[in-house]
Amino acid sequence: MIPIISILGMPASGKSTLGLRLARQFNLHYFYLDNSPIRHDTFDHHLILDWFQRSIKKISEEGEYNAILLDGFPARADQARAVREALGSYLPDIAIIVGCPEQVARHRFFERAGRDRHVIKAMERRFADHKNNIELMFKEAFDQTGFVMTINDGDMTIDQAYDALVSMLNRVDAWKAIVTPRPS
């Protein structure tokens, strides 16, 4: 099966920006899961995992990509357990955690989204969900996977953050296997 990489972090931490750049540079199929049936606030395990398995199989069979990059999934321990049960293995092969101080992420978010109270309420739930689940994710899912954590304290440019992430990934054997060209 095609390797799976997850990029995770709190809302507005920079995970999508970094993930898109990784996908473009290293030929990764990019799944932005906020626009898919897999949502942060709902997770129908059977329906979603069926869709997810079919998607992975199709991308694997097409053979166009080096790996699949999941933006924001699995975001909770229950999602990681359900995937493990459905696929019979741990997911992902590599987990990238984009660390960012909460005050920096909040500032970024409110610059983009404004002050709509419904949006703010939804984001507060997502910030809380991230805080409540990230430790469980380490215990339940990431002990079986390659793991990279990058920190952007708000003082780095996106180019600096990206270069630091790629430098860290280049030290991970599972990453090297994904991006090393295979003989034809």
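Helices (H or I, at least four residues) and strands (E, at least two) are DSSP runs numbered from the N terminus. This is a predicted model, in which local features need pLDDT of at least 70 and side-chain atom pairs count only at pLDDT 80 or more, whereas totals for chains, interfaces and linings use all residues. Residues are numbered from 1 along each chain as its sequence is written, and side-chain values use heavy atoms, with hydrogens and water left out.

Lys-15, Leu-18, Gly-19, Leu-22, Ala-23 and Phe-26 are the buried residues of α1; buried means under 20% relative accessible area, exposed over 50%, and partly exposed in between (1.4 Å probe, protein chains only). Because they cover an arc of only 135 degrees around the axis, these residues lie on the same side of α1; the arc is taken from the directions from the helix axis to the C-beta atoms. An α-helix has 3.6 residues a turn, so residues three or four places apart point the same way. Just after α1, Asn-27 adopts a positive phi of about 55 degrees.

## The nonpolar cores

The largest nonpolar core comprises 21 residues, and those with the most contacts inside it are Ile-5, Leu-22, Leu-28, Leu-69, Ile-96 and Trp-175. Such a core is a set of buried Ala, Val, Leu, Ile, Met, Phe, Trp, Tyr and Cys residues joined through side-chain atoms within 4.5 Å. At least two residues of this core come from each of β1 (4-8), α1 (15-26), β2 (28-32), β3 (67-71), β4 (94-99), α6 (158-169) and α7 (173-179). The most is given by α6, with five residues.

Leaving aside residues up to four places away in sequence, Leu-22 touches Asn-27, Leu-28, Leu-69, Ile-96, Tyr-162, Leu-165, Val-166, Leu-169 and Trp-175. A second, separate core of 12 residues includes Ile-2, Phe-52, Ile-68 and Ala-82.

## Strand β4

Strand β4 is mostly covered, with six of its six residues buried. Ile-94, Ile-96 and Val-98 point one way from the strand, while Ala-95, Ile-97 and Gly-99 point the other way. β1 and β4 pair in the parallel sense over four bridges, pairing being assigned if DSSP finds at least two bridges between two strands. Ile-96 in β4 is the bridge partner of Ile-7.

Note on methods:
Contact means heavy atoms within 4.5 Å.
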